[in-house]
Amino acid sequence: MRAVSKFSLLLFLFCGLLSNSLNAQEATPENLMATFIYNFTNYIEWEKPGPDSIFRIAIFGKDKLSKPLHYIASIKKVDQKTIQVIEAENQSELDQSDIIYVSGDHTEMIALFNQQFPEHKSLIISASGVGLENGAMINFINQNGKIGFEINQTAIKNHGLKVSSRLLKIAVKVI
Amino acid sequence: MNLRNTILTLLFLSCSLSQIYSQNAELDLLLEMDIERLLETKITSATKFEQKLSEAVATVRVVTANEIKERGYQSLEDVLSGQPGFQFRNIQGFNSYIFQRGIPNQNNLMLVMIDGVLVNELNSGGFYGGSQYLLGNIEQVEIIYGPASALYGTNAVSGVVNLITKKAEDHPGFDISVGMGSYNTALTEARYAMYDEASRTGFNLAARYFTTDKRPLGGAAGDYNWTDEMDNFEKDFAVDLSASHKNLFFGFNLMNKKASRATNYKTTTSDFSDHGTLWNILFSNAQLRWELKKGDFRFMPKAYYRNSTLLPNSIAYADSASKTAYSRPGNLLGTDLLAVYQFKDNSTLTAGLIMERENLAKDYGMVSFPIDGVSKKAPRPQMKSYHLIGLYAQADVKLLKLFMANVGLRYDHSSYYGDVFTPRLALSYQINRFRTRLLYNEAFRAARPWDFIDGIGNPNLKPEEIQSIEWISTFRIKESTLINLSLYQNNYKNLITIQSLQNDQWYWRNMGKVKTEGLEFELNYVKSKVNAWINYTFNYSVDDKDSRIPEISKHTGNAGFNHLLFKNLNYGFRVNYAGARPNASLSLKPGEDELRYPEIDPFFLVGFNVSYTFYEQFQLKLIADNILNTKYYHTSNRPPDSYVQQGRTVFLQLNFHLTHIDR
């Protein structure tokens with residue numbers, strides 16, 4: 001077993017030096033959803049790009065997504081735009097946002113927001129059993145321990161956004 | 001430095017070397033992944049209970065449905081052949097034998113389950129290798145390495161293989177596959193599943209028919225062990241049905257394997273006939289399970305029924321004048337009441353109660369009849385009932401932030417093998433991409449009633465026992481590359497093995513002690529268009545006289561890759577290597593020293609697969625095994641000295657897939 005010992009020691013030295021982050025076969029739901037939200041920007045086209053060089057993501061309601069989204073904003077850009085993450089406390093802070101994530105406790109707010117700002121161009125994302133019914137465009141669901149999402153294609157279109165066929169293809173449900 | 005010290009030293013070293021904990025490391029990895037890969041990522045907290053209980057206490061490897069499909073696996077041996085730690089004795093007949101981690105056996109040191117219910121044959125305790133498993137309906141194969149009796153009771157000595165079937169909610173739609181290839185091999189598989197989201201109700205029904213004539217072994221092709229009249233076939237039929245409504249699940253599996261017994265005996269030097277035999281065995285399992293969740297508490301009761309019956313038209317052997325039919329029924333009814341409580345800090349407490357009652361044959365039912373006369377069916381043998389009560393508990397306790405301890409104990413009370421306590425202990429440490437575990441496990445294999453009477457019988461058989469210490473480490477380099485290393489030392493006592501006597505008589509005996517030291521190393525690389533793997537296993541098993549255990553090679557290895565070329569074309573190569581290994585022999589006589597067994601030569605096999613997908617729903621696939629047409633052998637513990645294996649084979653398969661999508 002001497003050869004085995006030497007071999008394993010070398011291997012561990014090698015791998016120990018290379019290790020620097022968690023195994024991603026599993027991930028926390030907040031990290032996964034935040035990454036999905038960032039990924040959605042590759043598959044959604046906003047009709048009129050915003051006037052400035054900021055891409056705004058608003059979080060309505062206290063949510064664990066805030067921390068990972070802030071981290072993503074610090075290292076990533078969307079179409080060369082700097083990402084800004086806003087923890088919104090009232091609806092008036094939302095209408096300039098490119099993406100609005102509404103926490104599970106505030107899903108009913110989506111319908112009110114859509115009524116108040118019918119012309120808004122924001123992608124509204126929720127994580128609730130009744131997200132799409134309340135007017136969210138993308139809704140996260142838990143599928144046997146994995147995160148999936150549903151898409152309300154009509155709502156996306158009605159607000160001047162375009163969704164790629166690839167995103168529609170991998171959605172759990174499209175209405 | 002002995003292995004135990006090595007393990008402890010390396011554990012310390014590697015823990016020290018794992019550095020720089022990055023708070024956002026998980027996010028960094030996720031951001032490297034494409035969106036399809038994100039969909040495949042499990043949620044840590046939600047999967048806590050679904051994660052196999054055994055994962056904390058053993059090495060667990062997974063073969064996915066995609067790997068089964070891509071590589072054209074047709075049998076349980078195929079599925080395991082690319083994994084580290086497995087060696088085989090394929091007698092090219094009614095059964096084949098799988099050795100995990102260095103101990104030859106009659107498939108009774110390992111458990112095989114379908115959706116968590118055992119399919120090991122009840123009378124012998126050994127599972128059946130072969131092509132009767134409905135692989136087209138498998139979601140994934142989970143392979144547990146090492147002793148696991150603290151969770152699964154008797155026979156979980158070398159490991160456990162759990163075949164997880166596809167569920168309707170994940171795979172609604174219709175699939176059909178047809179294929180044909182060398183040696184008159186033909187396959188038909190079909191599956192239909194539907195699921196209603198609103199009522200959370202669905203069902204999945206799948207069936208398989210597989211037939212093959214295997215490699216002709218008559219005359220010189222079989223090293224003159226058999227005559228030119230030899231027949232050697234396998235015909236398998238399987239059905240899986242599962243249905244679910246909310247938290248209620250019902251599953252049913254049926255497998256019927258019909259195979260020739262011609263390869264069991266030499267026919268050129270004996271009176272045995274090598275045609276007209278049939279081993280016709282039927283396995284059927286049913287289970288009903290339910291899950292109740294209240295806050296952090298889960299209660300998961302399960303009731304199950306198992307039946308494994310050697311059907312009475314089986315012809316165990318034939319000679320020039322007569323045939324002999326065997327039958328051997330067996331059934332079992334059991335419940336498993338599992339409860340899990342999760343504490344706020346993610347520590348968990350798991351406990352369960354198992355109650356089983358099994359009816360086993362006291363012996364084979366047997367009848368002989370003239371070879372030219374009317375066929376007779378074997379009578380039903382006398383049956384005897386046994387019962388088992390098992391209690392198990394385990395605690396997963398979080399220590400500090402990075403350590404997890406797992407302590408488990410199982411108590412079995414059997415009406416025929418008495419009381420057994422099986423403990424285990426595991427310590428797990430994870431930081432960044434590095435995870436390491438130090439495990440102590442025990443296991444046992446109780447002799448089955450059949451073992452006591454097989455051959456001339458031996459009423460003094462004791463349970464086999466094993467103590468195992470293992471160190472497992474896993475590293476991930478970026479998102480694409482995974483490295484696993486296991487070092488283990490297993491000490492077996494009272495190993496039950498066959499002892500031959502003169503005049504073709506035999507009995508089972510406790511052989512004494514066996515020590516196995518081993519290393520398993522694997523590297524897997526997965527990118528969107530390429531996946532590649534390489535693994536190596538070192539295994540050194542010796543008995544208490546320091547003689548090498550037969551049938552086990554010191555060195556085995558596997559490697560391969562698959563590449564998606566263009567949009568619809570996927571191809572891959574795979575290689576398997578096994579070093580030289582001592583053959584087994586029935587020629588060992590009482591009083592003789594251990595024989596220097598004749599060695600089986602090392603072999604190197606190359607396989608190839610290519611598939612082309614068209615019109616999105618059709619796939620044409622070509623699988624070629626042993627493309628260099630290497631002549632190679634497996635060991636034998638039967639009268640033939642060794643078994644020549646399949647030459648080059650080619651298999652062509654057409655798959656059709658239709659998915660219902662609610663758009």
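Student: Ground rules before we start?
Tutor: Residues are numbered from 1 along each chain as its sequence is written, and chains are lettered from A and ligands numbered from 1 in the order in which they are written. The model is predicted, with local features needing pLDDT of at least 70, side-chain atom pairs counting only at pLDDT 80 or more, and totals for chains, interfaces and linings using all residues; side-chain values use heavy atoms, leaving out hydrogens and water.

Student: How many helices and strands in chain A?
Tutor: Chain A has 6 helices and 11 strands. Both are DSSP runs numbered from the N terminus, helices being H or I with at least four residues and strands E with at least two.

Student: And what share of chain A is buried?
Tutor: Of the 175 residues in chain A, 54% are buried. Buried means under 20% relative accessible area, exposed over 50% and partly exposed in between, with a 1.4 Å probe and protein chains only.

Student: What about contacts in chain A between residues at least 6 apart in sequence?
Tutor: Of those, 58% join residues at least 24 apart. A contact means heavy atoms within 4.5 Å.

Student: Switching to helices. What is the span of H2(A)?
Tutor: H2(A) covers residues 29-40, and its 12 residues reach 16 Å from first C-alpha to last, close to the 16 Å expected at 1.5 Å a residue. The expected span is 1.5 Å times one less than the number of residues.

Student: Is H2(A) mostly covered or mostly open?
Tutor: Mostly covered, with 10 of its 12 residues buried. Among them are Leu32(A), Met33(A), Phe36(A) and Ile37(A).

Student: Now strands. Which way does E7(A) run against E8(A)?
Tutor: E7(A) (123-126) and E8(A) (138-143) run parallel, joined by 2 bridges. Strands pair if DSSP finds at least two bridges between them. Ser126(A) has Asn139(A) as its bridge partner in E8(A).

Student: What does E8(A) do with E9(A)?
Tutor: E8(A) pairs with E9(A) (146-151) in the antiparallel sense over 6 bridges. Asn139(A) stands opposite Glu150(A) there.

Student: Chain B, then. What is the phi of Asn107(B)?
Tutor: Near 65 degrees, a positive value in a residue other than glycine. Most residues other than glycine have a negative phi. Asn107(B) sits in the loop between E4 (96-100) and E5 (110-114) of chain B.

Student: Buried or exposed, Asn107(B)?
Tutor: Asn107(B) is buried, at 0% relative accessible area.

Student: And where is Tyr183(B)?
Tutor: In the loop between E9 (173-181) and E10 (185-196) of chain B.
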